[in-house]
Amino acid sequence: MTGPINRLTALMALACAALLCAGVTVQAEDTNQNSRGTRASQTQGQVDQQRQDADRKARPEIEKQRKEAQQEAEKTVDNDALAAIQQTHKAIDAIAANKTDQALAAIEQATGKINILLARNPSTALIPVSVNVDVIDIAPHDTTAIQNLSKDATKAVEQKNFPFARTLLHELMSEIRLRTYDLPLATYPTALQQAARLLDQKKTQEASSVLLTALNTLFIEEKVTPLPLVEAREEVNEAQAQAQKDKNKAQQLLELAKNHVQRSKLLGYAPDDPEYMVLDDQISQLEKQLNGGGDVMAKFSNVKERLTAF
C-alpha cells in the first residue's frame, strides 16, 4: 500500500513600503533577523524532538513498528554501493580543492565498487544505499475534520491552487514512512566514466557537475504503513486480552479498532481497497460472537492477521 503525499512548507512574504535606514542600520537589522530566525528554528527543532520523544513513550507499539521497519530496511543496504557513493563525495571534495589526482583515485575506487555490484547483481537495476524510517502523524483524529480537509484539498486541486493543496494533503498524513535511496546501476557507471574523462581534459567544473548530478539522481522508493491500521491491530490485541475478563471493555476496544480502520480509509490509504469492507465486517462479527459467548480466539487471530497483511 502506498500513499505518496508531497510535502510543502507554507511561506509568507511581507513587503516593505520604503527603505528609510542607512546601509549599516539595515545590515544590523538583517543580522538580528537572522539571529532570531536561527533561534526560532532551533527552538522549533527542540519542540519537535520533545514531541516525538513524548509520542514514542505514549505509544510504544508505534515506536516498536518503526524500529522493526528500520532494522529490516537496513539489512537491504549494500556496503559496496554505499562505498561507491562515499568515494563519489570524496571525488567532488578533491575537485573543489584542486586535487585532480585524488579525485581520479576516488572515481577509480567508486568504479571498482560498481564493477563488483554489476558482477554480483547482473539483473538488478537498483541497489539500496541508504534508508530512513519516520513516523508522521499530524492528521486529525476526528473523522469530520478529515473529511473537511479532504474536501478543501480537492477544491484546491480543481482550482489548480497546488501549493495550498499540498499543504492540506500534508495534514492528512498518519503513517510510518520508509524511504529507500537506490543507486541506479544502469546510469551511475556512465557518470563516473564521463567525470573521469572530463578530469583528464582538465574540465574540473564539468566533472564536478556530472558527479553532483549522479548523486542527486539516486532513485527514491517510498513505502508507507498507515498508523490507524497499526493502532487498530493493537486495539484488537487488547480486546483479545480482555475478552475473558471484561466483555464490555473488549467491545469498546473493538469499536475503536473499527474507527481506526475507517480513519485509515478516509485518510486516503488505498481507500478503494475492498479489504476495508472485509475488515469492518469481520470486526462486527467478532463483536457479535463476543456477546454470544463461545471460543472467539480463532476469530481474533484471523482479524489480526488480516490487519497485518493489509
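Contact here means heavy atoms within 4.5 Å. With that cut-off, take the contacts in this protein between residues at least 6 apart in sequence: 79% of them join residues at least 24 apart.

Now the ground rules. This is a predicted model, where local features need pLDDT of at least 70, side-chain atom pairs count only at pLDDT 80 or more, and totals for chains, interfaces and linings use all residues. Residues are numbered from 1 along each chain as its sequence is written, and side-chain values use heavy atoms, with hydrogens and water left out.

The overview. The protein has twelve helices and three strands. Those are DSSP runs, numbered from the N terminus: H or I with at least four residues for helices, E with at least two for strands. Of the 310 residues, 37% are buried. Buried means under 20% relative accessible area, exposed means over 50%, and partly exposed is in between, with a 1.4 Å probe and protein chains only.

Strands next. Two strands pair if DSSP finds at least two bridges between them. β1 covers residues 126–137. β1 and β2 run antiparallel, joined by eleven bridges. E175 has P226 in β3 as its bridge partner. How many of the eleven residues of β2 are buried? Nine, so this strand, residues 174–184, is largely enclosed by the rest of the structure.

V131 is buried, at 13% relative accessible area. Set aside its neighbours within four places in sequence. V131 then contacts Q70, A73, E74, T76, V77, L178, R179 and T180. L178 is 47 residues away in sequence, yet the C-alpha atoms are 7.2 Å apart. Q70 comes from helix α2, residues 60–74. Q70 is buried too, at 15% relative accessibility. With the neighbours within four places left out again, Q70 contacts V131, N132 and V133.

Now helix α5, residues 143–158. It has 16 residues and reaches 23 Å from first C-alpha to last, close to the expected 22 Å. The expected span is 1.5 Å times one less than the number of residues. Which residues of α5 are buried? I146, L149, A153 and A156. Seen down the axis of α5, the buried residues fall within an arc of 90°, so they line one face of the helix. That arc is taken from the directions from the helix axis to the C-beta atoms. As background, an α-helix has 3.6 residues a turn, so residues three or four places apart point the same way. The buried residues of α5 pack against α6, residues 162–170, and α10, residues 247–266. The face turned away from the buried side carries the exposed residues K151 and E158.

Both ends of α5 deserve a look. At its start, a side-chain oxygen of D142 comes to within 3.3 Å of the backbone nitrogen of T144. After α5 comes K160, with a positive phi near 60°. K160 sits in the loop between α5 and α6, and counts as exposed at 63% relative accessibility.

There is another such loop residue. N98 also has a positive phi near 60°, and N98 is not glycine. N98 lies between α3, residues 79–96, and α4, residues 100–120. N98 is exposed, at 67% relative accessible area. For context, most residues other than glycine have a negative phi.

Helix α11, residues 275–292, is next. Its 18 residues should span 26 Å, and the end C-alpha atoms are 25 Å apart, which agrees. Its buried residues include Y276, L279, I283, L286 and L290. The buried residues of α11 pack against α10 and α12, residues 297–309.

Last, the cores. A nonpolar core is a set of buried Ala, Val, Leu, Ile, Met, Phe, Trp, Tyr and Cys residues joined through side-chain atoms within 4.5 Å. The largest has 31 residues, and V236, L254, V261, F300 and L307 touch the most other members. α5, α9 (227–242), α10, α11 and α12 each give two or more residues to this core. Beyond its neighbours within four places in sequence, V236 contacts L254, A257, F300, V303, K304 and L307. Apart from this core lies another, of 30 residues, among them A91, I95, V210 and A214.

Methods:
Polar contact = N/O pair within 3.5 Å; in protein donor to acceptor, adjacent residues only side chain to side chain.
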